[in-house]
Amino acid sequence: MTDGLRIRVRGQVQGVGFRPFVWQLARRFGVTGNVLNDPEGVLIHACTDTPDAFIAALDDDAPPLSRVDAVEVEHFAFREPPTRFDIVQSEGSGAETRVTPDAATCAACIADIEGDDPRRRGYAFTNCTHCGPRFTILHSLPYDRARTTMAPFKMCPACAREYADPADRRFHAQPVACSDCGPSVWFEDGAGRVPDGIATAAERLGRGAILAVKGLGGFHLCCDATNPVAVAELRRRKHRPGKPFALMGRVQEIARYADATDVDWRALRDPSAPIVLLHKETALPDEVAPNQPRLGWMLPYTPLHHLLLGAVERPLVMTSGNLSGEPQVIGNDEAREKLNQLVDGYLMHDRDIARRLDDSVLRNTAYGPMILRRARGQVPETLPLPDGFDDAPQVVAFGAHLKSAICLIKNGQALLSHHLGDLDDALTWDEFVRADTDYADLFDHVPSIFACDLHPEYRSSQHARVRAQGSRLIDIQHHHAHLAACMVENGWAVDAGPVAGIVLDGLGLGSDGTIWGGELLLGDYAGFERVAHLAPAPLPGGDAANREPWRNLLARLDRAGMPDVAEMLLPHAPHALMRQSIAAQMNAPLSSSAGRLFDAFATALGFEAAQTFEGEAAMWLEALALCAPSESIDAAYTFGLDAMGGALDDAPLWSAWHKDYVQGAAPAVMAWRFHAGLAVSFARRARRLVETGKAKAVALSGGCYQNALLLDLTIQALGDVPVLLHHKVPANDGGLALGQAAIAAAQAVCDR
Ligand code: ZN
Ligand code: ZN
Ligand code: FE
């Protein structure tokens, strides 16, 4: 027997080059033994006189795409002293090689495409163990080449050698390819095909063309972002008048056109390469993002993007390639059929996209990053569940309706799916149903508990009923799920006590059957009480009130006893008709929505149009408020306490605003005072819950907390109480499924 060590490494350590990394470390430190993958992660048997440096390096020098959660060391007796260090076959029946998120091209691969080796120079599908496509090319697990869209491409001898050599950066990189054997790119339009079409595409873009560019998780629509005519034409063809376009630029373009902080640069350069919202620096044409102080930027994240940006030498609009309301196009024929009317040509390639993934979107705040849309680069990474969930059964939760996403719980981990979108769209609905089976297959998930929103008419709730088929189905109140999502993401243990949740969002069905949306809740995973809420106001026209902000202004000014002001501000509105329907309670449901209050206030300050995308009026109002000079929080428009108790009455807010308005106050100042009033009114009440010992912390959730000014003012007003914020999971309905899953799991654990 020879003394040795058995070293267990847990975390994201499979499919990220961890075994070759261990192999190389072993050579460096003169360690003998072996390394293998098994169902728990990576297992090392090591024979060495100096283990400490080797063990420390396992975490310190780990490969870029890995995440080491734990390194556990125990004694191990070798039957015979090993003479070398080997990578051995995976062990155990349940051994499965996990798949990691797609990762942006690494620096070494960028050097390869700019280098001299003809196999990689200018090659648009260069990748290695530290970068490249993963989830977007995967058909099924385990993750190996035969189960990816790289299967049709047979490796040439040179690629096969790299793939088989543990000393090579491409050892076991499943999508390894070169210009001799891998996928190829071409440009096509009505006139035919141009092989290696990147130069042609760049030249067309430079002349103002709009192109479809096949990327990693779908097609983009692309044009020169510095060309106002091209951008306006893209808006016209896409029927998208106002919603901001995302931009792609190299470091030099982003540095020139945007104001990025060090933190922003770190986010941009992350392997997940999200779209990062950045302040405008040098103005691009206003058509890129009308009236927005920020633009969404991303760095090129595939070799194809690097080559295209290098050839065109200017920032490009990169917006998702879809017909209005539909999911992004991924197939070549699908693109030719659907995008035909939108584009002048295509930059195509022949590597299929197995999974549609939008670009992720992130915004940095003074309190850390906030994910606004969770998609490419973020999935299928799992989130560890807090203490108390270890014995939780397998749960699947189906999220909301407009920003749908699914969440799976298994083995103490939560997997929140990518952003799926609006379930009213037929194709998104198909995608949602497919994602449900797909994630279940991939993660070998057999749920015993199903969770959904309380709203019976959400298509996700209806789907949950079909799926549960007699198994336990738990309906979860919308804002309780928002609160729980924020708790889980902050590692709040099951028994850590109640949290005060300020949940401000659009609409969600309340436990009393009315529509909620501006809530102060006190609760834990098991349950909650509604401590305070915005006073309910009618939504004249129902759904129409979501699209047309003026309806909310009319309803609220009437309620505040200011009908004459409503008539003055909205001279052309059908007042009588609206008032009749409100009085008769016909198609004018009551709601405490904070989102609709934002809409009403934006209209009071001059937002005129109907909204062309969700949150447009609120974003407009935030942008306006950010122009205000800083002033004391005492200037905030505060709410009164309604006689009904618990309801925050907005009538005092409207009269304070009106006083400013007649005195000719600047719109920016009034917008700021509105934000401050909402923040202070909720924060003071939440703070009191902590001070009186009823809550241990305050959580901020709901779509309104994607508003950085509201977030900032709320945190200031909360003072020194512990605050839980969203970082990795969207504050909006995109994060809802995580909260639903956690509540359902916690209830199952408590019931045992
Ligand atoms: Zn690489
Ligand atoms: Zn090759
Ligand atoms: Fe919501």
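This is a predicted model: local features need pLDDT of at least 70, side-chain atom pairs count only at pLDDT 80 or more; totals for chains, interfaces and linings use all residues.
Residues are numbered from 1 along each chain as its sequence is written, chains are lettered from A and ligands numbered from 1 in the order in which they are written, and side-chain values use heavy atoms, leaving out hydrogens and water.

**View 1. Met 586 sits in a loop.** The loop runs between helix 17 (575–583) and strand 28 (590–591); helices (H or I, at least four residues) and strands (E, at least two) are DSSP runs, numbered from the N terminus. Gly 30 is 556 residues away along the chain, and its C-alpha atom is separated from that of Met 586 by 80 Å.

**View 2. Four cysteines coordinate the zinc ion (ligand 2).** The SG atoms of Cys 156, Cys 159, Cys 178 and Cys 181 coordinate at 2.3 Å; donors are N, O and S atoms within 2.8 Å of the metal (3.2 Å for Na, K and Ca), and water is not among the atoms, so sites may look incomplete. The 4 donor atoms subtend angles of 104 to 118 degrees, which makes the arrangement tetrahedral, a label given to four donors if all angles lie between 85 and 135 degrees. Along the chain, the donors follow the spacing C-x2-C-x18-C-x2-C. Cys 159 belongs to helix 4 (residues 157–164) and Cys 178 to the loop between helix 4 and strand 6 (185–189), so the pair ties together parts 19 residues apart in sequence. Both Cys 159 and Cys 178 are buried.

**View 3. An open, mixed sheet has 5 strands in the order 4-1-3-2-5.** Strand 4 (67–78) and strand 5 (85–87) stand at the edges with a single partner strand each, so one side of each is left without a neighbour in the sheet. Strand 1 (residues 2–12) and strand 4 run antiparallel, joined by 11 bridges; strands pair if DSSP finds at least two bridges between them. Arg 6 has Glu 74 in strand 4 as its bridge partner.

**View 4. Two domains are given by the domain assignment.** Domain 1 covers 2–87 and domain 2 covers 532–724, with bounds that come from an automatic or database domain assignment. Their C-alpha centres lie 57 Å apart.

How values were computed:
Four donors count as tetrahedral if all angles lie between 85 and 135 degrees; four count as square planar and six as octahedral if opposite donors are over 155 degrees apart and all others between 65 and 115; anything else is irregular. Buried means under 20% relative accessible area, exposed over 50%, partly exposed in between (1.4 Å probe, protein chains only).
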